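Please keep the sequence and the model in view while reading.

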Amino acid sequence: MLSETKAGGMELSRENEGMEQWTSVDGSERTLQRKDDSDVLLPGTPGRGNLNSPTYEFLDALPTDPDALLKRISDDAEANHGAGSDSTTGPHQEAFVTIGDLLRNGAAPPDTSAALYRAAALIPGVDVVSDAVDAAGRHGVAVARTHDGERTEWIFDESTARLLRERTVLVEDNAWGKSGTVVTSVALVDSGIVDEAGQKP
């Protein structure tokens with residue numbers, strides 16, 4: 001977290017946040033989130049889901065052809081972040097971010113996860129590293145893209161295409177720190193389908 005010091009400068013502080021989350025398969029119930037053994041129902045109206053708030057059924061209905069899937073995501077990104085919008089993100093970066101959010105926030109069917117990973121690799125500016133290792137020593141395939149001085153990296157399990165880890169690293173000095181500083185790092189430990197919110201997969 002970046003905050004202003006008493007002297008008027010900027011200071012980067014680290015926060016570790018473990019979290020568990022349960023989203024109903026069909027979106028009929030509000031999402032349950034657990035932090036520090038405390039359960040909270042997230043605000044929002046239950047629904048089938050969308051690119052910003054996916055349910056399992058929404059993810060299952062997405063195209064599994066990487067080109068078709070990228071077009072579906074890119075059309076939305078272009079509409080909201082393309083020419084004529086006030087967005088500084090741009091449609092390519094927004095498509096990349098959207099795919100990361102879908103992989104991180106929803107337990108997707110295996111075919112959808114694989115298609116999302118392959119669709120991400122088709123976005124202009126994306127690099128693919130065939131063998132990468134996350135902080136837990138797990139090997140996978142890395143997909144990365146640099147935007148506005150920050151490089152976002154995802155590591156996928158090579159056999160299941162499940163997202164293992166995500167991190168953002170500075171590639172140039174800015175208020176967050178020096179080039180090479182890890183700004184965020186997220187590890188996904190497990191995901192799955194359960195009968196009731198609060199149960200472990």
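The model is a predicted one, in which local features need pLDDT of at least 70 and side-chain atom pairs count only at pLDDT 80 or more, while totals for chains, interfaces and linings use all residues. Residues are numbered from 1 along each chain as its sequence is written, and side-chain values use heavy atoms, with hydrogens and water left out. Helices (H or I, at least four residues) and strands (E, at least two) are DSSP runs, numbered from the N terminus.

**Helix α3 and residue T98**

- Helix α3 covers residues 91–105, and T98 lies in it.
- The end C-alpha atoms of α3 are 21 Å apart, which agrees with the 21 Å that its 15 residues should span at 1.5 Å a residue; the expected span is 1.5 Å times one less than the number of residues.
- Buried means under 20% relative accessible area, exposed over 50%, and partly exposed in between (1.4 Å probe, protein chains only).
- T98 counts as buried because its relative accessibility is 5%.
- The buried residues of α3 are Q93, E94, A95, F96, T98, I99, G100, L102 and L103.
- Neighbours within four places in sequence aside, T98 is in contact with L51 and I73, where contact means heavy atoms within 4.5 Å.

**Packing of α2 against α3**

- Two packed helices are described by the angle between their axes and the distance between the axes.
- Helix α2 (residues 66–81) and α3 have axes that come within 8 Å and cross at roughly 125 degrees. Axes are lines fitted to C-alpha atoms, for helices over the stretch in contact, and angles run from 0 to 180 degrees between N-to-C directions.
- α2 and α3 are therefore oblique to each other. Angles under 35 degrees count as roughly parallel, over 145 as roughly antiparallel, 65 to 115 as roughly perpendicular and the rest as oblique.
- The crossing of α2 past α3 is right-handed. A crossing is right-handed if the near helix is turned clockwise from the far one by less than a right angle, and left-handed if anticlockwise.
- From α2, the residues I73, S74, A77, E78 and H81 meet P91, E94, A95, T98, I99 and L102 of α3.
- By class, this contact of α2 with α3 has six nonpolar, three polar and two charged residues. Ala, Val, Leu, Ile, Met, Phe, Trp, Tyr, Cys and Pro count as nonpolar, Asp, Glu, Lys and Arg as charged, and the others, Gly among them, as polar.

- Helix α4 (residues 110–121) has twelve residues and reaches 17 Å from its first C-alpha to its last, close to the expected 16 Å.
- In α4, the buried residues are T112, S113, A114, A115, L116, Y117, A119 and A120.
- The elements covering these buried residues include α1 (56–61), α2, α3, β6 (126–133), β7 (139–147) and β8 (150–156).
- The axes of α3 and α4 come within 10 Å and cross at roughly 155 degrees. That makes α3 roughly antiparallel to α4.
- α3 passes α4 in a left-handed crossing.
- I99, L102 and L103 of α3 meet S113, L116, A119 and A120 of α4. The residues of this contact divide into six nonpolar, one polar and no charged.

**Loop residues**

- G18 is placed in the loop between β2 (10–12) and β3 (20–22), and is exposed, with a relative accessible area of 58%.
- G18 and K35 are 17 residues apart in sequence, with 6.5 Å between their C-alpha atoms.
- Outside four places in sequence, G18 is in contact with R34 and K35.
- Most residues other than glycine have a negative phi.
- D36, which is not a glycine, has a positive phi of about 50 degrees. D36 is found in the loop between β4 (32–35) and β5 (38–41) and counts as exposed at 76% relative accessibility.
- D148, likewise a residue other than glycine, has a positive phi near 55 degrees. D148 lies in the loop between β7 and β8 and counts as exposed at 65% relative accessibility.

**Segment after β10**

- G192 lies in the segment after β10 (182–187) and is partly exposed, with a relative accessible area of 38%.
- G192 and N174 are 18 residues apart along the chain, and their C-alpha atoms are separated by 38 Å.
- Not counting residues up to four places away in sequence, G192 touches A107 and P201.
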